[in-house]
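This report describes a helical packing arrangement and several individual residues within it. The sequence and structure are shown first.

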Amino acid sequence: MTVENRQAFQRLLIQLRDLYAQLLCLENKKTELLAKGQVEMLSMLMNDEQAILMRCRSAEKARIELCSSENGIRICDLVSREDGPEELLSPIFSELCKIIKDLKKVNDRNIKLADTRLSTVRMLLKEIGIEGRKNEAGDTLRIKA
């Protein structure tokens with residue numbers, strides 16, 4: 001592997017780590033907003049999240065291209081090499097993996113929070129007799145997930 005490609009892998013790993021760390025931060029903020037029921041703030045936060053996700057997709061595309069240029073090597077294979085500059089990638093890769101694992105945990109918690117809030121709203125609507133009624137257009141009023 002060329003020195004340029006090793007450096008590119010390192011920059012890419014750092015970029016991915018930083019982007020996913022930003023997503024983790026947003027997911028933690030999302031947890032707070034979901035718990036408080038602050039829908040307007042949640043909507044604004046999700047716009048920020050979409051911008052970061054687009055940057056993540058771009059970085060992932062660059063990663064795929066870089067891996068392809070090196071005969072399809074996977075980053076985990078590159079990091080597992082113990083010789084030379086690749087060992088510098090290991091701590092960055094470990095941080096990235098931890099962030100992704102934490103992101104999944106927080107995301108799962110947020111899904112449960114959102115589902116709980118939605119179930120509560122559905123139950124309240126049903127109790128007050130709004131769910132199942134028809135609007136002016138004749139459509140049945142429902143809350144969709």
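A residue is called buried when its relative accessible area is under 20%, exposed when that area is over 50%, and partly exposed in between, with a 1.4 Å probe and protein chains only. The model is a predicted one, in which local features need pLDDT of at least 70, side-chain atom pairs count only at pLDDT 80 or more, and totals for chains, interfaces and linings use all residues. Residues are numbered from 1 along each chain as its sequence is written, and side-chain values use heavy atoms, with hydrogens and water left out.

**Overall architecture**

The protein contains 4 helices and 0 strands, and its pattern along the sequence reads α-α-α-α. Helices (H or I, at least four residues) and strands (E, at least two) are DSSP runs, numbered from the N terminus. Of the 145 residues, 28% count as buried. Contact is defined as heavy atoms within 4.5 Å. Among contacts between residues at least 6 apart in sequence, 64% join residues at least 24 apart.

Axes are lines fitted to C-alpha atoms, for helices over the stretch in contact, and angles run from 0 to 180 degrees between N-to-C directions. Angles under 35 degrees count as roughly parallel, over 145 as roughly antiparallel, 65 to 115 as roughly perpendicular and the rest as oblique.

Helix 1 (residues 3-36) and helix 2 (residues 39-69) have axes that come within 9 Å and cross at roughly 160°; the two are therefore roughly antiparallel. By class, their contact has 21 nonpolar, 4 polar and 8 charged residues. In this classification Ala, Val, Leu, Ile, Met, Phe, Trp, Tyr, Cys and Pro count as nonpolar, Asp, Glu, Lys and Arg as charged, and the others, Gly among them, as polar.

With helix 4 (residues 89-127), helix 1 packs at an angle of about 25°, the axes being 8 Å apart. Helix 1 and helix 4 are therefore roughly parallel to each other. The contact of helix 1 with helix 4 has 20 nonpolar, 5 polar and 8 charged residues.

**Selected residues**

| Residue | Relative accessible area | Class |
|---|---|---|
| Phe9 | 0% | buried |
| Arg17 | 18% | buried |
| Glu70 | 18% | buried |
| Lys104 | 52% | exposed |

Phe9 is placed in helix 1. Leaving aside neighbours within four places in sequence, Phe9 is in contact with Met1, Leu66, Cys67, Glu70, Ile73, Ile75, Leu78 and Leu89. Between Phe9 and Leu78, which are 69 residues apart along the chain, the C-alpha separation is 9.2 Å.

Glu70 is located in the loop between helix 2 and helix 3 (75-80). Beyond its neighbours within four places in sequence, Glu70 is in contact with Met1, Thr2, Asn5 and Phe9. The side chains of Glu70 and Asn5 are joined by a polar contact of 2.4 Å. A polar contact is a pair of N or O atoms within 3.5 Å; within protein, one must be able to donate a hydrogen and the other to accept it, and residues adjacent in sequence count only if both atoms are side-chain atoms.

Arg17 also belongs to helix 1. A polar contact of 3.1 Å links its side chain to that of Asp18. With neighbours within four places in sequence left aside, Arg17 is in contact with Ile92, Glu95, Leu96 and Ile99.

Lys104 lies in helix 4. Lys104 and Leu24 are 80 residues apart in sequence, and their C-alpha atoms are 8.8 Å apart in space.
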